[in-house]
Amino acid sequence: MSDKQTYDITRRTVLAGLGTAGIAAAGAGLGTTALFNDREGFVGNSLAAGRLDLQLDYKATYDGPNGVEMIGQAPTEQQLIDQGLIDMAEGPMTWEERADLGFACDTEGFIDGEAIPVFELDDVKPGDCGEVTVSLHICDNPAYLWMRGSVYDDLDNGLTEPEGEVDDTPDVGELAENIDVTLWYDEDCSNTITEGVGTSDILVVQDISGSMEYDQYGGDISDGQGGTTTKLAVAKDAMGDFATIVFDETADTEIGVFTFGNEDYIGDDQAPGIAFGPSDDETDVQNAISSVDAVPEGVTGTALGLAVQEGDNYLSANARSGAQKIMILLTDGEQFESNVDELQAANDAKAGGTRIIVIDINDPGDGDPQLLRDMAGTAVNNPGDGDGTDYYNTSADDLAVVLPVIYESIIESVVVGEVVFFEGTLAEFNDAASSGLKLEALPLLAQSSDDDEYCFLPGTHCVAMEWCIPREVGNEIQTDSVKFDLDFAAVQCRHNDENANPFGSAA
């Protein structure tokens, strides 16, 4: 079988919650029986103050005798209808529409503390495949995340006559080594691997208010090397590096810049404001970024709602036909001295097809993080419904170190595409994951601590798994069966100086 292995657990959109137990007594192979079951794990998941809860939702498909069909989901569509999250008259939901609901942690129908079957299949054949995309919801408090994959009961179940002609090991199952498995971070929860995101026009809506630049308003920060700089200087450097990397990629992406302060400084209405692009000319883009400057010292006010409204109008007027519109909103403050409702402006933009990525420069909990979560993403949200999708947070003290990595992860999300973190056989997956694997969030999803250890912030992250039995697999796997489980652990970050493997003693 395939000997290709990819064990990269360091990229964005955290793996979090997939538990599928292989193809077992209910079926794999010609005439086989195999059973998939699902198990989630909770380890150390309570904090002295507040709550740490790990909850899952999923949607699974099977590509078998009837073609691709949905075979399971939680919450069910009826539960979503009963909770007013979807309208029965709208018909079946697409994967993306389901992901855009932005489930809150009190949504009825989540998998929370119980094991359920994801796949229960009988008579799976060579050429069949299955896929499940799972959302992990981290509720209320930051956590370290771990996963473990365990393969067991790889059984031959005797030999049929045709199997006996190619298999002389009646006591050894061959199914685990004949199932190809791929796991990836499913950025858009679409149940498919997005190799690249296609044509996109990105507008960086950059806060240039006084608090980004002047010491009396908190603009001076550490440069990460023992000196000082300003928030705006770091933002410009990171934006410039972002543009350099984007233009090195093959994706069809253009970049623009739109600045805001108070209501007098929106776009290029008043110098030093800028409204530029989107453009595919790297020199022009870098020149625009270099010319970004703060409002004059003493000017106060942050017109966040108006900035989103006018930024989206500008992007919509200047984006290419057919390009995905993406707004990267970077701010360090709450709105004041402005009356445009921020969430309404964001919802209007999202309803018009703009994806909003928010970078919040504040200590965790400071400012108005829930409002910014509500504003982020692609879903039209009511207050309090935003689950953290496309919302990134870093403190000002960590900005010089964290912001470049945030932009790197945005590149991965909107330019490069999704990342496969395991590819190999089911047996190889057991070798790689049976003792536990640490999930390493990039800082945009996490609070940094020491030595590449990160706490995942509350929110929702999707991971997907596909299994396939190659067509060339023949009679050798008749009647064989196998099981596997994928467990997860959420471990509180507070008071835990070391991100120790919770599966270590039990592996």
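How many salt bridges does the rule give? The count comes to six, where a salt bridge is a side-chain nitrogen of Lys or Arg within 4 Å of a carboxyl oxygen of Asp or Glu. Notes on these and other features follow.

1. **Basis.** This is a predicted model: local features need pLDDT of at least 70, side-chain atom pairs count only at pLDDT 80 or more, and totals for chains, interfaces and linings use all residues. Residues are numbered from 1 along each chain as its sequence is written, and side-chain values use heavy atoms, with hydrogens and water left out.

2. **Overall make-up.** The protein chain has ten helices and 21 strands. Both are DSSP runs numbered from the N terminus: helices are H or I with at least four residues, strands are E with at least two. Of the 507 residues in the chain, 57% are buried. Buried means under 20% relative accessible area, exposed means over 50%, and partly exposed lies in between (1.4 Å probe, protein chains only). Take contacts between residues at least 6 apart in sequence: 78% of them join residues at least 24 apart. A contact means heavy atoms within 4.5 Å.

3. **Strand 13.** Strand 13 covers residues 324-331. Seven of its eight residues are buried, so the strand is largely enclosed by the rest of the structure. Strand 8 (residues 200-207) runs parallel to strand 13, and seven bridges join them. Strand 14 (residues 354-361) also pairs with strand 13 in the parallel sense, over seven bridges. Pairing requires that DSSP finds at least two bridges between two strands. Met327 gives a handle on both partners. In strand 14, the partner of Met327 is Ile356.

4. **The crossover.** Strand 13, helix 7 (residues 342-351) and strand 14 make a right-handed β-α-β unit. Right-handed means that, with the strands pointing away from the viewer, the path from the first strand over the helix to the second runs clockwise.

5. **Helix 7.** Is helix 7 mostly covered or mostly uncovered? It is mostly covered, with seven of its ten residues buried. Those residues are Glu342, Leu343, Ala345, Ala346, Asn347, Ala349 and Lys350. They pack against helix 6, strand 14 and helix 8. At the start of helix 7, a side-chain oxygen of Asp341 comes to within 3.3 Å of the backbone nitrogen of Leu343. After the helix comes Gly353, with a positive phi near 100°.

6. **Asp332 and Lys231.** This salt bridge has its closest N and O atoms 2.8 Å apart. The pair links distant parts of the chain, 101 residues apart: Asp332 sits in the loop between strand 13 and helix 7, Lys231 in helix 4 (residues 231-248). Both residues are buried.

7. **Arg320 and Asp252.** Here the closest N and O atoms of the salt bridge are 2.7 Å apart. Arg320 lies in the loop between helix 6 (304-318) and strand 13, and Asp252 in the loop between helix 4 and strand 11 (253-260); the two are 68 residues apart. Arg320 is partly exposed, at 26% relative accessible area. Asp252 is also partly exposed, at 37%.

8. **Asp390 and Arg355.** The salt bridge between them has its closest N and O atoms 2.9 Å apart. Asp390 lies in the loop between helix 8 (369-375) and strand 15 (391-394) and Arg355 in strand 14, so the pair ties together parts that are 35 residues apart in sequence. Asp390 and Arg355 are both buried. Elsewhere, salt bridges that share partners join Asp201, Asp252, Glu254 and Arg320 into one network.

9. **Aromatic pairs.** The structure holds four aromatic pairs. Rings of Phe, Tyr and Trp (its six-membered ring) pair if their centres lie within 6.5 Å; planes under 30 degrees apart count as stacked, over 60 as edge-to-face, and the rest as tilted. One of the pairs is Phe242 with Tyr407, tilted, at 4.9 Å centre to centre and 40° between the planes. Phe242 is in helix 4 and Tyr407 in helix 9 (residues 399-416), 165 residues apart. Both Phe242 and Tyr407 are buried. Another pair is Phe422 with Phe429, edge-to-face, at 5.0 Å centre to centre and 70° between the planes. Phe422 and Phe429 are buried too.

How values were computed
A polar contact is a pair of N or O atoms within 3.5 Å; within protein, one must be able to donate a hydrogen and the other to accept it, and residues adjacent in sequence count only if both atoms are side-chain atoms.
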